[in-house]
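Please consult the sequence and the 3D view while reading.

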Amino acid sequence: MESMTLLLVIALLTVAGFYLGRRRSVAIAGADRKQKLHSLPGYYGLYVGLWCAVPALVLFVAWQFLEPSFIRAQVLAMLSPETQALDPQRLQLIYNDIRNIAASGAAVGDAELLQGAQRYRQLLRLGDWSLAVGILGLCLVAGWFGWRRVQANFRARISVERAVEWLLIASSTVAVFTTVGIFLSVLFEALLFFKSVPVWEF
């Protein structure tokens, strides 16, 4: 399943969680408002929506980082011992060839590459369906957990504000580390360039 499709599913389930959480709080309060809620109904909806979205998004992001390494390890493990003993650069070129064959469906004479491309496609398909099932199940289970916590005395506003605060801190941390990583990468490349160019060329 495509990444955009999965993100759309998460968004739809988040909206559904918001609606169900808000509806449950209104039902608890009652039509005559005899039961006083600690927070506005919208906060209860946001609380359930966050439970639907955040765990699923964490799984989605983690999967994007871990799946390529896992598939690479599995594909290379099925190659012959002679191929696995090659130097890392040559082995990476072979893996790139396997990926290209899997993407294009081209027929090549090397049986080992064809077998690797078939295994790559199988793992990619299995990973896509596993991620889809995992995200759907996590959204439903986490959303149900959040929905069950909606009670009249539950401090939904405080929980939502704390969750948003942690999300902002996490986003800022990722942005800072990304900036530092880009700076160090550019600095490293510049040092390599100046090291390889003779001084008299300046």
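Which residues make a nonpolar surface patch of about 570 Å²? The patch is formed by Val 176, Val 180, Phe 183, Leu 184, Leu 187 and Leu 191. The model discussed here is predicted.

**Surface patch**

**Cysteines**
- A disulfide is a covalent bond that links the sulfur atoms of two cysteines.
- The sulfur atoms of such a pair must lie within 2.5 Å, and by this rule the model has 0 disulfides.
- Cys 52 takes part in no disulfide, for the nearest cysteine sulfur, belonging to Cys 139, is 5.9 Å away.
- Seen from Cys 139, the closest cysteine sulfur is that of Cys 52, and the 5.9 Å between them is too far for a bond.
- Cys 52 is buried, with a relative accessible area of 6%.
- Cys 139 is also buried, with a relative accessible area of 2%.

**Largest pocket**
- The volume of the largest pocket is about 330 Å³.
- This pocket is lined by 17 residues, of which Glu 67, Pro 68, Ile 71, Tyr 120 and Leu 124 are the closest to its centre.
- Two or more lining residues come from each of helix H1 (3–29), helix H2 (41–77), helix H4 (88–104) and helix H5 (111–148).
- H2 supplies the largest share of the lining, with 6 residues.

Key. Residues are numbered from 1 along each chain as its sequence is written. This is a predicted model: local features need pLDDT of at least 70, side-chain atom pairs count only at pLDDT 80 or more; totals for chains, interfaces and linings use all residues. Side-chain values use heavy atoms; hydrogens and water are left out. Patches are made of residues with over 30% relative accessible area and no salt bridge: like charges are joined within 9 Å, nonpolar side chains (Val, Leu, Ile, Met, Phe, Trp, Tyr) within 5 Å. Accessible areas come from the Shrake-Rupley method with a 1.4 Å probe; for residues, only the protein chains shown count as cover. A salt bridge is a side-chain nitrogen of Lys or Arg within 4 Å of a carboxyl oxygen of Asp or Glu. Buried means under 20% relative accessible area, exposed over 50%, partly exposed in between (1.4 Å probe, protein chains only). On a 1 Å grid over the protein atoms alone, a cavity is a set of points where a 1.4 Å probe fits but cannot get out, and a pocket is an open set with protein on both sides within 12 Å along at least five of seven lines; lining residues have an atom within 4 Å of a point. Grid points are joined across faces, edges and corners, and a volume is the space filled by probe spheres set on the points. Helices (H or I, at least four residues) and strands (E, at least two) are DSSP runs, numbered from the N terminus.
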